[in-house]
Each structure stands twice: as structure tokens, then as C-alpha cells.
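Open the model in your viewer and colour it by chain.

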Number of protein chains: 2
Amino acid sequence: PDMGAIAGARDRNAQLTKPPAALGRLEELAIWYAGWRGTDRPEIANPQVIVFAANHGVCAQGVSAFPPEVTAQMVENFQHGGAAVNQLANTFGARMDVHTLDLDLPTQDFTKAPAMSDAEVVLALATGWNAVDPASDVLVAGEMGIGNTTSAAAIAAALFGGAAEDWVGRGTGVDDEGLARKTDVVARGLALHDTSDPLDALRCLGGRELAAMAGAIAAARHHRIPAILDGFICTAAAAVLEKTAEGALDHTVAGHLSDELAHKRLLDALELEPLLALRLRLGEGSGAALALGVLKGAVACHSGMATFAEAGVTDS
Amino acid sequence: PDMGAIAGARDRNAQLTKPPAALGRLEELAIWYAGWRGTDRPEIANPQVIVFAANHGVCAQGVSAFPPEVTAQMVENFQHGGAAVNQLANTFGARMDVHTLDLDLPTQDFTKAPAMSDAEVVLALATGWNAVDPASDVLVAGEMGIGNTTSAAAIAAALFGGAAEDWVGRGTGVDDEGLARKTDVVARGLALHDTSDPLDALRCLGGRELAAMAGAIAAARHHRIPAILDGFICTAAAAVLEKTAEGALDHTVAGHLSDELAHKRLLDALELEPLLALRLRLGEGSGAALALGVLKGAVACHSGMATFAEAGVTDS
């Protein structure tokens, strides 16, 4: 980030017509945002929501409450504006893009083989990287992929240790039997692959949409575009970057705490404090898109408020 | 609320393209909103933010970090669009109105006399009632009044019991000595007045802007306009209604948990769960205006999403 912009934003914040720190976390958010945008008085004019969709070979193991064809059906729903994330993107003035990643070619079942080859994971990372509009000023990266909480749980376990059951949750709503199956699948995946390298964990246990989110979040860093992390799957993808290079997520903020059980563990491991906690567990970028409203409010206050001097208000 | 609209909204919610309950609290919010608006597919098109401003005789006791003239200065700031709540109202497309209530005539110092006469409190309630646009579809009632956390603490103690120190906090930022003074002032006010009746507690310990907020929230109920409660002061004013008639706040939602210490105690007493907890403690309606973004997102998802049938998505 731009330390000059941060200093300027701190200075401006101290002069705004409010008691010191009375806007709480909104003040920290605005200063953080100013730093990445390189100006002490930034605006949010072009937020971009990108949903990446892909399919998972591990679905053959019965890890989801929904069949894999729902991925493609939901992609159509995104394209026609009918999903939750469409409504939230509209509400907060964000452009929305949908990228499919070889829906007809699921990843390999990671209990039997690496999910992706080197070439496949690189292509997915590049798709994510290239999806980011360099002219945008906030990134929300979301996902759709039946089976991908299983993939995310496996990656989280590979990156942070712990048992499979520490990271496996109910996803879109599997029953107790499905939960036990998911846990077993994740344990078998972890046993099969050597995942000491974060990018190799992504390749062996991940999915194309997870790799694409990681690529998009990395591209946002390159372009100095602050990013809002969504729920468990997005955070697991992002964690690959942080484990690859410490500080790689400094340009991100956790949008919300998902109801997916292990999200709290994952946020704690990354030392991220979510902006919202409203029991969402939908994915698609929906929690992050909702948090975009909070970030817009924070930046609007910071850049739009009068100073004590401008307003002629007595400064205590 | 309209039970038919609630039933219709629940039915619609169950058909939307998402796993059951995956939008968490957003689903509950949308159904609640639908009930008060009397339609299973509501929209938010005309939210109204109203800031009520008044002055407090109890300021003579040194209970605030800011001098009383700041109330009028901040009113000018609201009128010129320079305050935090202006930016938040703009961000979420709300109309904003400012009402001053006899700024040159502070209430009586409640350690010496009732803050208001019968006629004065009725006039303030009526001002609040009349400020609500019947054509609006969400109400945010905010306040500005140097000294009013002292008044709110006294009302809360009168309504819910407990010692003065349970309800007194640092407001805009008093030091330890100021905090001790505030606590003593509240204790003396409680000792002086018989406040077994909630409206009499409002009259004797309140302020014109608190009465106006109560009047506005009551008017919103009359017009079936859902209201978002702001922080400690707004919630204390609203609590007068709940203590007068149980269920009087069923058309409201707690916008946020303020950093003002006793707000949590007050929300717990009213069994309200705040939407946001971002350490705001500014008043002005700012926390509620920020929560308006969440409510807009909830209603947009509910009314804008496609159903499984419309989108051709397999319903698990």
C-alpha cells in the first residue's frame, strides 16, 4: 500500500466532524482502502463481482446435497440475473461477470488422482487473473461448483493441519450420513497427496473455480484493487496465496462469517475479522457482495464528510 | 403485520434458487419486511432518514466532552450534507430530513426539575410523528443532542432498573472524571423523579429529540413502515414505546450494536439482535443508515431472485 496515502487518510480522518473513532471499524476500512488506492480521499465507483464456476470429480463420492448439473443451471441463472448475487451486485452498483471453467470437464476425483494437472491449474489461475478489470476499484470473487466445500475443506486441512472433521461442514445441506462421507473423502484425499506446497495443495485437492479465485485475488493485488473475501470456499482459495507469500492478503478484508462451520477456524488461522455475521452460507460471492455495502458506506463517510474547520463545528 | 403476506413471502422464499436457509438472516429480514408492507414481494424504493436535534439542560452538569453549541453546528452540517449520516443516506438512496426542536430552549436539568412539561413532551412526540412521510418504506430515526447519552442512560435505568453505572457510558468520549459525573447525575435524576410510567420517564429524564424519535417510530408503526433502530439513544427512546405497549417495536429491527457500553444491555432487555457490530458510536442514525444497506440487500434478494422453476434449476 501507499504509506503516504495512508498517512494522509489518517490525517483527514482525524479532522472529520465526529468524535475520535466514533465510526469504529468504518474508519479503519476507509484508511486501508485509501492506502491500496493510493489517495487519501478515494471513491468506489466501479466495483466488480466475478463468479467462477467449475465442476468437481469428487462429486462421484456423494459429497453434495445437489447433483453436479446444478452448476451449469446456476450459471444460466447468473447470466439471466436471477441469483442472489445478481440482486446484491445490483443493490450496490457492482458490475457482475460470470466465468465458466470447463464445466463439461470436471476435475479428477481427488481420492484417486490429483484434481488437476500442472497445465490445468495454471490455466485456471490465469483465467481468474485475466477476469479482473484493471479499471475496477473493488473485487468480489465468488464461486459456484457443486462439491466445492469438500475441496475447500481438503485445502484448508492441507494448509493449516488438523483432522478432516475439523474442516468439513454441511455445505449446501448434507445430512449426517453425507457429512460422514465428506469427512472420509477429505481424509482420503489428504492421505493420497503430498501437499506440503500450497500451490500443489490447490492443484491436487482444489478445483478450477478455486484456482480462478486465487488468480483473481492475486491480480487484484497487482492492480492495487482491494478485494472482499466471501465465505469458506473463497477464503480457502485465498489462503493458498497467504501460505505462498505472507502478506499476500493484505489488500483483502473478510466480508462475512459464513454459517459453514469451519469458516471461523479458517478466518482465525488467517487472523481475519469478518465485517458481517448474518448466517449466510450460499457462496456465489453473496456475503462479500453484501459487505460491499459496508465498504461503500465507509469510503463515502471518509471522503464525503466535512472537516471541523469546513463545517465550523467546535472540535471538543 | 399482514399474516397473508408473511405466508406468501415464506412460500416464495422456499422456492428461490438457493439451498434452504442459505441466506440466513437475510431471509428472516425479507419475510418480516414483507409482513409489514403487506405484500409477499416488496421493494424498498423510498427510505427516509430523519435526524432530530435538541438541547439538554443537564449539560450544565458537565456530562459531555463537547459544548452544547455543537448541537446547532452539527444541524448546519446535516443541512449542508457534511455529516456521516448524510453520506450513508446518499450511499443507500435514502431521503434525509433534519428537524430541530427548540434548540434555544434546552430541557430543564433533570437533577433539579422534570426535563419537560406535559405540553413540551407531547409537542416533541407530535413533531416526530409528523416528520414521517407516510409514502416512505423504511424509517431511520437518528438524533443529535449534546448530553443525550446521559438522558438515554437515565431513561434506560428508569425503564429496566439497575444502578446508574449499569447504564452510563462514555458517550462522545468523556474521561474517567466525566464518567463519574455522568453516573452521579443519572443517579440523582432517578432519585428525584417518580418514573414508574414509561412516558413519564421520557418526560422527566428525556429530551425533545428522544421524544421525537419515539413519536416517529410510533408513526411508522401506524403507517406500516418498518423502522431500523440506531444506537443507544434511539433504542432508549424506542424502549419507552415497548414498555408502554408490549410488541410496539415489532415493526423495528436493531440496526447495529453500538460501542456505547450499555447498548448491549438495552438490546438484550428488549430481546433485539443487532444486524451489525462494527464499533460505531456516533449516533445521527449512522448505524441504522448503514444497516439499511443490509435490509435493501435482503429485500432485493427476496423479491428479485428467480425460483427453481423459473430458472430451471434442479431443487436438490
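Contact here means heavy atoms within 4.5 Å. This is a predicted model.

**Stop 1: the interface.** Select the interface residues of chain A. 100% of them are also interface residues in chain B, so the copies meet through the same surface.

**Stop 2: the axis.** Superpose chain A on chain B. A turn of 180 degrees and a shift of 0.0 Å along the axis do it, with an RMSD of 0.0 Å. The two copies are thus related as by a two-fold rotation axis. Now pick A:Gly293. Among the residues of chain A, A:Gly293 comes closest to that axis, with its C-alpha at 2.9 Å.

**Stop 3: a charge over a ring.** A:Arg265 sits over the face of A:Trp167, 5.6 Å from the ring centre. Then go to chain B, where B:Arg265 lies over the face of B:Trp167, at 5.6 Å from the ring centre.

**Stop 4: helix 5 of chain B.** Select residues 118-131 of chain B. At 1.5 Å a residue, these 14 residues should span 20 Å, and the end C-alpha atoms are 20 Å apart, which agrees. Colour B:Val121, B:Ala124, B:Gly128 and B:Ala131, which are buried.

Which residues does the face turned away from the buried side carry? The exposed ones there are B:Asp118, B:Ala119, B:Val122, B:Leu123 and B:Asn130.

Last, show what covers the buried residues. The cover includes strand 1 (47-53), strand 2 (95-100), helix 9 (198-205) and helix 10 (208-222) of chain B.

Notes
Residues are numbered from 1 along each chain as its sequence is written. Chains are lettered from A and ligands numbered from 1 in the order in which they are written. This is a predicted model: local features need pLDDT of at least 70, side-chain atom pairs count only at pLDDT 80 or more; totals for chains, interfaces and linings use all residues. Side-chain values use heavy atoms; hydrogens and water are left out. Helices (H or I, at least four residues) and strands (E, at least two) are DSSP runs, numbered from the N terminus. The expected span of a helix is 1.5 Å times one less than its number of residues. Buried means under 20% relative accessible area, exposed over 50%, partly exposed in between (1.4 Å probe, protein chains only). A charge sits over a ring if NZ of Lys or CZ of Arg is within 6 Å of the ring centre and within 35 degrees of the ring normal. Copies are superposed by least squares on the C-alpha atoms of residues with pLDDT of at least 70 in both.
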